[in-house]
Amino acid sequence: MSKIAFIVEGKKTEKVVIKSFMDNFMNSNNFDELDIEEIVLPMETNIYTLYKKMKEYDFFEDLDIINIIEEVFKSKGKSFEGYKKNTFGEIYLFFDYDRHANDVDNHDDIIDEMLDIFDNETENGKLFISYPMIEAVKDFSDEICKEYDECRIRIEDFSKYKNLVSKRAAKTDFRKYDKDTWKFIINNFIVKTSCLFDKRYDYNYDFYINNVFPRSIYDKQMDKFFKVDSSVMILSAIPEFIIDYLGRRVFEDNFRYKYCDNYIK
């Protein structure tokens, strides 16, 4: 059995979300060829503080993120179970964009560097970013497309987002998400990225797999929204990971396109 490391920002929400999608997709009967065990390693800090820890613990000497996590766990008196980099066949990092973190001056430089470093799950690890945060995964309604203003959020409103999404989300309890819920979430993500990449009418898996990945999503967010009005499109890293891992089958089985009247140009 192969072990997968999920290095995550928080210690509660991310664990529940990962268990839900693992139960409904990765460990389900539909994908029983996968023989994997997930190990969730909560950092309990944001991506910018992780970057500082990487500097502090000489990550750039050996490029071993598992060593960094071990040091962080030890500093908090937490058991690390003796994990090493070679314990894991794949390493994934899930972090929030957190652009409103007010103790950081060079947000964009850090994200740029982190995306460059963590771009391969079998090497240093692969980073997935939620915009603005993990709660974006539940920001959906019965309709695929929301009003234009509900597809984006401005930086100054990031701190209000958890409360906002708790009021408008169709389902707020991740423990009650079933496979149909996740299929809807995946479709919602695909439709949103078709808008982000200006592929409204001819979006397909071949375009997606060659053009849509964490770095390109970040670059589109910056060029299309952040540099224009300091906003980002609300996008979850979780369906992005599921499609990345399971590929064409999950994309084409779940993609049910609905044209958006409020298409974001």
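Let's start in helix H4 (residues 65-75), where Lys74 and Glu70 sit 4 residues apart, about one turn of the helix. Helices here are DSSP runs of H or I with at least four residues, strands are E runs of at least two, and both are numbered from the N terminus. Lys74 and Glu70 form a salt bridge, with 3.5 Å between the closest N and O atoms; the term asks for a side-chain nitrogen of Lys or Arg within 4 Å of a carboxyl oxygen of Asp or Glu. Glu70 counts as buried, at 11% relative accessibility (buried is under 20% relative accessible area, exposed over 50%, partly exposed in between, with a 1.4 Å probe and protein chains only).

A word on the model: it is predicted, so local features need pLDDT of at least 70 and side-chain atom pairs count only at pLDDT 80 or more, while totals for chains, interfaces and linings use all residues. Residues are numbered from 1 along each chain as its sequence is written, and side-chain values use heavy atoms, leaving out hydrogens and water.

## Other charged pairs

Across the whole structure, a search finds 20 salt bridges. One of them joins Arg168 to Asp139, with the closest N and O atoms 2.8 Å apart. Arg168 belongs to helix H7 (residues 161-168) and Asp139 to the loop between strand E5 (125-130) and helix H6 (148-151), so this pair ties together parts 29 residues apart in sequence. Asp139 is buried, at a relative accessible area of 1%.

Helix H10 (residues 214-229) holds Arg215 and Asp219, 4 residues apart, or about one helical turn. Their salt bridge has its closest N and O atoms 3.2 Å apart, and Asp219 is partly exposed at 31% relative accessibility.

## Arg152 and its polar partners

Arg152 lies in strand E6 (residues 152-154) and is buried, with a relative accessible area of 10%. Its side chain makes a polar contact of 2.6 Å with that of Asp229 and another of 3.0 Å with that of Ser231. Such a contact is a pair of N or O atoms within 3.5 Å; within protein, one must be able to donate a hydrogen and the other to accept it, and residues adjacent in sequence count only if both atoms are side-chain atoms.

## The nonpolar core

The largest nonpolar core has 93 residues, and Phe21, Ile65 and Tyr97 have the most contacts inside it. Helix H8 (residues 179-196) gives the most to this core, with 8 residues. A core here is a set of buried Ala, Val, Leu, Ile, Met, Phe, Trp, Tyr and Cys residues joined through side-chain atoms within 4.5 Å.

Beyond its neighbours within four places in sequence, Phe21 is in contact with Phe6, Met26, Trp182, Ile238, Phe241 and Ile242 (contact means heavy atoms within 4.5 Å).
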